[in-house]
Amino acid sequence: MATARKRPRPDEDTQAECPFTVTHPDPNERDKKSKRRRQESEDQPVPKIPLQATPFSPMGKFKDPNNTMDRYYQVHPHQKWMDMTRYNSFVLNGVKYYSEGFIFVANSSTIERQKNPGEARQSRQKSEDDWVARILEIRASDEHHVYARVYWMYWPDELPQGTQEGKKSIQGRQSYHGQNELIASNHMDVINVVSVTAQATVNQWDETNEDEVQQALYWRQAFDVRTMELSAALPRCKCNRPENPDNQLVGCTNPDCRKWLHDDCLVHDALMKTFARLGTDKPHKPARIKNEELGGARPLSPSESGAAQTAQQSIDVKPEDQQTIKLADVEGAGPSVKVDNRVVPTPAGSEPKRKGRPRKSEIAEVVNAKPYEGLFTAVINDTSPPVVEIQDLRENVTGGEKTWTEPVHCLLCSAEIQ
């Protein structure tokens, strides 16, 4: 069964032709056919189906823990491919390229840019840049006919519709994919090496190494084109989303926690708390002003209120001396509930609590709700200790501070981050 080609065949006027194609037959089916062929003709040997061991071992796993991404393949025309000499390297424009190395491969976008070198470069997606591949095998009949069998690396933008990531079906770049991130795959092809534009440096990123910084192209996930499955990435933070290395993470300093938290998750938490405290109309006042206001509102002493100095400070009220007011005697009394043997009225406008599990749509609304948008903004200041700086955007609210800072707390253990 032939695989769907990720890279379309180039036009003759843009890139060198390649007469070879790759298929991925089932070795079990081929064994059955080979038996029939041997019975028909003993003169023509049946070509073996080689197995390509994967050069990629992602840290994250697939659903099937035994999935190695190894793949059977067959290059056609088979005999023409096998008649060529196998090499460990080739030289193109003075640059030596080795088997198992990474390369940039020209596509229609890069060819167009080469045709118009003076044209201004506009912003474009990574998938519009040169393709990236890993060389698996090099064969040539002469210096004018040199070919490489490769595994393609995907830009995240190229992930096809229906890609399976855990229990989700995704397509294209995800929020955790970095600017220089690639995805390894077992999508095989044969290319004419004239299409190679340069050597590529691609490193595997070990997400468990917290000190590793990615300066060049890198990969951490692998895409199995047979099952359309993407290997897992290491979850971070309370939200369990993977890390985007282009964005900041904040580490909890609690020795019993030590979890890494997304910058945007900490900002969201701070803004939700701010909105719950101030809403749409309350000004933010620092703690010092609030304490002064509370001090001015304390109860007056007998001397300040003009009462006689001989008056007692307080009197104890005995429960049996209290007169009980029956709820039935109170006009407009709403329904009541019994708490600790006491009857407590509930607000007349309250609704009974609904039973059963909430709908998925209700959960999504709660998770995605950002009631603070347009009212407050916040950023994490990389100080020691880190603080969240909150800005009040409400123009109709006066009498309080418009910008202030608050300590950052861990979303998992609630400890203040130092």
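Start by selecting Arg 277, which is partly exposed, with a relative accessible area of 31%. Keep in mind that you're looking at a predicted model.

Arg 277 and Glu 406 form a salt bridge, and their closest N and O atoms are 3.2 Å apart. This pair ties together distant parts of the chain: Arg 277 belongs to helix H4 (residues 263-278), Glu 406 belongs to strand S27 (residues 403-407), and 129 residues separate them. Is Glu 406 buried, partly exposed or exposed? It's partly exposed, because its relative accessibility is 22% and buried would mean under 20%.

Next stop: Arg 149 and Glu 137. Their salt bridge has its closest N and O atoms 2.8 Å apart. Look for Arg 149 in strand S10 (residues 145-153) and Glu 137 in strand S9 (residues 131-142). Both residues are buried. Then select Arg 86 and Arg 139 too: together with Glu 137 and Arg 149, they're linked in a network of salt bridges.

Hop over to Asp 392 and Arg 394, another salt bridge, with 2.7 Å between the closest N and O atoms. Here, too, both Asp 392 and Arg 394 are buried.

Now pick His 187, in the loop between strands S13 (181-185) and S14 (188-192). His 187 counts as buried because its relative accessible area is 4%. Show Tyr 154 as well, and you'll find a polar contact of 3.2 Å between the two side chains.

Finally, zoom out. The protein has seven helices and 27 strands, and 34% of its 418 residues count as buried. In total, the structure holds 15 salt bridges.

How values were computed. Residues numbered from 1 in each chain as written. Predicted model: local features only at pLDDT ≥ 70, side-chain atom pairs only at ≥ 80, totals over all residues. Heavy atoms only, no water. Helix = DSSP H or I, 4+ residues; strand = E, 2+ residues; numbered from the N terminus. Buried < 20%, exposed > 50% of the residue type's maximum accessible area, 1.4 Å probe, protein only. Polar contact = N/O pair within 3.5 Å; in protein donor to acceptor, adjacent residues only side chain to side chain. Salt bridge = Lys/Arg side-chain N within 4 Å of Asp/Glu carboxyl O.
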